[in-house]
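Subject: Structure for your files

Hello,

Here is the structure we spoke about, with notes below it. Please read the two side by side.

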Amino acid sequence: MKPYISMITLGVTDLHRSVKFYQEGLGLHTEGIMGEEFAQGTVAFFDLQQGLKLALWPRQSLAADAGLPLSASTTAMSLAHNVLTETDVDAIMQQAAVAGATIVKPPQKTFWGGYAGYFQDPDGHLWEIVWNPDFLPEQDY
């Protein structure tokens with residue numbers, strides 16, 4: 001896996017409070033809260049730097065998407081690694097499993113039109129390997 005972090009997702013308890021903190025308190029740019037039409041899809045994205053975004057997502061939504069029980073240790077945050085194709089998702093998930101990761105959600109189509117899976121590293125940190133047609137990495141990532 002060639003490292004390319006494109007999204008940092010933080011699981012939050014109160015999305016509105018957290019958006020206010022990052023937007024008004026820290027001055028980060030966001031289009032605001034979106035995805036409220038989806039049961040687990042309400043999220044806010046912030047621009048950090050070229051190719052890197054911060055996502056704030058309710059902890060219970062992150063837990064549900066990963067297929068894990070809600071707990072501070074596994075759903076407080078996830079790291080997302082965006083790739084160019086669905087096949088890349090499958091290959092990296094397999095690579096992670098071989099390296100000792102625990103697959104917590106095998107790759108599959110997402111409710112928002114992408115393709116993703118989740119694994120935990122040996123310390124339990126949650127990673128999402130994702131093909132997102134709206135956030136494709138550069139060809140040479």
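Asp65 sits in helix H2 (59–66); helices (H or I, at least four residues) and strands (E, at least two) are DSSP runs, numbered from the N terminus. The model is a predicted one, in which local features need pLDDT of at least 70 and side-chain atom pairs count only at pLDDT 80 or more, while totals for chains, interfaces and linings use all residues. Residues are numbered from 1 along each chain as its sequence is written, and side-chain values use heavy atoms, with hydrogens and water left out.

Asp65 counts as buried because its relative accessibility is 12% (buried means under 20% relative accessible area, exposed over 50%, partly exposed in between, with a 1.4 Å probe and protein chains only). Its side chain makes a polar contact with the side chain of Tyr118 at 2.8 Å. A polar contact here is a pair of N or O atoms within 3.5 Å; within protein, one must be able to donate a hydrogen and the other to accept it, and residues adjacent in sequence count only if both atoms are side-chain atoms. Not counting residues up to four places away in sequence, Asp65 touches Trp57, Lys105, Phe111, Tyr118 and Glu128 (contact means heavy atoms within 4.5 Å).

H2 as a whole is mostly covered, with 6 of its 8 residues buried: Arg59, Ser61, Leu62, Ala63, Asp65 and Ala66. Just after H2, Gly67 has a positive phi of about 75°.

Gly41 lies in the loop between strand S2 (30–34) and S3, and it counts as buried because its relative accessibility is 9%. Leaving aside neighbours within four places in sequence, Gly41 contacts Met34, Gly35, Trp57 and Phe111.

Next, the cores. The largest nonpolar core has 13 residues, and those with the most contacts inside it are Trp57, Leu62, Ala66, Leu68, Val104, Tyr118 and Leu126. A nonpolar core is a set of buried Ala, Val, Leu, Ile, Met, Phe, Trp, Tyr and Cys residues joined through side-chain atoms within 4.5 Å. S4, H2, strand S7 (115–120) and S8 each give two or more residues to this core. Apart from it lies another core, of 12 residues, among them Tyr115, Phe119, Trp127 and Trp131.

Ser78, in strand S5, counts as buried because its relative accessibility is 1%. Beyond four places in sequence, Ser78 contacts Ile8, Thr9, Leu62, Tyr118 and Leu126.

Last, the pockets. On a 1 Å grid over the protein atoms alone, a pocket is an open set of points where a 1.4 Å probe fits, with protein on both sides within 12 Å along at least five of seven lines; lining residues have an atom within 4 Å of a point. Grid points are joined across faces, edges and corners, and a volume is the space filled by probe spheres set on the points. Of its 22 lining residues, Val43, Phe45, Trp112, Asn132 and Phe135 are the closest to the centre. The lining divides into 13 nonpolar, 5 polar and 4 charged residues (Ala, Val, Leu, Ile, Met, Phe, Trp, Tyr, Cys and Pro count as nonpolar, Asp, Glu, Lys and Arg as charged, and the others, Gly among them, as polar).

The second largest pocket has a volume of about 160 Å³. Its lining includes Tyr4, Gln50, Lys53 and Phe135.

Regards
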